[in-house]
Amino acid sequence: GGAAVKRLLARAALALLALVAGGAAAQERITAFHSEVRIGADGGLTVVETIEVEAQGQSIRRGILRDFPTDYRDRAGNRVTVPFDVAGVQRDGAPEHWSTEQLSNGVRVRIGRAEVMLPPGRHTYTITYRTARQLGFFAQHDELYWNVTGNGWTFAIDRATARVSLPRSVPAAKLSAEAYTGPQGAQGRDWRAQGVDGGAEYATTRALAPREGLTIVLTFPKG
């Protein structure tokens, strides 16, 4: 009678809660985005991005897209055109198929094969590329101003981190590290950063919403 109905309703409620919880846990997103930025003695950059995603066949079906601007205006308002060359891409530790296509203001790296669907779950992509003309040279210091994640992602980023390495060891006391979070052009303060001997480390202190990103700044002595 009534007791049996109550038990059935309770089981249905528990099943619904489990379904909702499972859906939330499996929401497509970037669970971790880490960038290793190595500044060469010639001023060029070698960047290794490690992007861990939760794929559920919604937006992340065959792979991911990574957009990189090559034509933009810098902080001083100058028009800048920079090179961008992909050295390699891996998924879960193995070489992954990739191709590039031109965008109006840059390059899109399209990762994955059209005929291969990703198994649901966590996948880790590693993108290695080189670029140049990214440093600012000023009267009293030199500077790297770098958008770590980009602002084109259509899903959230749980955590973004970065490490910058200079060509030679410079004492942390001579370095200045700061950052910005939020949509393009925002100067959000949801980050922490510290100079370390020879470079700096950065991390977000909250999840980034879709179209939000992490931009870092490292100021170092001339030469």
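## Exercises on a mixed sheet and its salt bridges

E54 has a relative accessible area of 8% and is therefore buried. The exercises below concern a predicted model.

**Exercise 1.** Determine which residue forms a salt bridge with E54, and classify that residue by its accessibility.

*Solution.* Begin with the contact itself: the partner of E54 is R122, and the closest N and O atoms of the two residues are 2.7 Å apart.

**Exercise 2.** Give the order of the strands in the open sheet, and identify its edge strands.

*Solution.* The open sheet has 8 strands, which follow one another in the order β7-β6-β10-β2-β1-β13-β16-β15, with mixed pairing. The edges are formed by β7 and by β15 (191-196), each of which pairs on one side only. Within this order, β1 (residues 29-39) and β2 (residues 45-55) pair in the antiparallel sense over 10 bridges, and A32 has E52 of β2 as its bridge partner.

**Exercise 3.** Describe how β6 is joined to β10 and to β7, and characterise the turn of the hairpin.

*Solution.* Start with β10 (residues 121-131), which runs antiparallel to β6 (residues 84-91) and is joined to it by 7 bridges; here F84 stands opposite T131. Continue with β7 (residues 94-95), which is likewise antiparallel to β6 and is joined to it by 2 bridges, with P95 of β7 as the bridge partner of Q90. Finally, examine the connection: β6 and β7 form a hairpin with 2 residues between them, and D92 in the turn has a positive phi of about 55°. D92 also forms a salt bridge with R91, in which the closest N and O atoms are 3.6 Å apart, and D92 is partly exposed, with a relative accessible area of 43%.

**Exercise 4.** Locate the salt bridge of R163, and state whether its two residues are buried or partly exposed.

*Solution.* The search of the whole structure finds 12 salt bridges, and in one of them the side chains of R163 and E201 meet at 2.4 Å, N to O. This pair links distant parts of the chain, since R163 lies in β13 (residues 160-165) and E201 in β16 (residues 199-204), 38 residues apart. R163 is partly exposed at 26% relative accessible area, and E201 is partly exposed at 30%.

Definitions and conventions. Residues are numbered from 1 along each chain as its sequence is written. This is a predicted model: local features need pLDDT of at least 70, side-chain atom pairs count only at pLDDT 80 or more; totals for chains, interfaces and linings use all residues. Side-chain values use heavy atoms; hydrogens and water are left out. Two strands pair if DSSP finds at least two bridges between them. Helices (H or I, at least four residues) and strands (E, at least two) are DSSP runs, numbered from the N terminus. A salt bridge is a side-chain nitrogen of Lys or Arg within 4 Å of a carboxyl oxygen of Asp or Glu. Buried means under 20% relative accessible area, exposed over 50%, partly exposed in between (1.4 Å probe, protein chains only).
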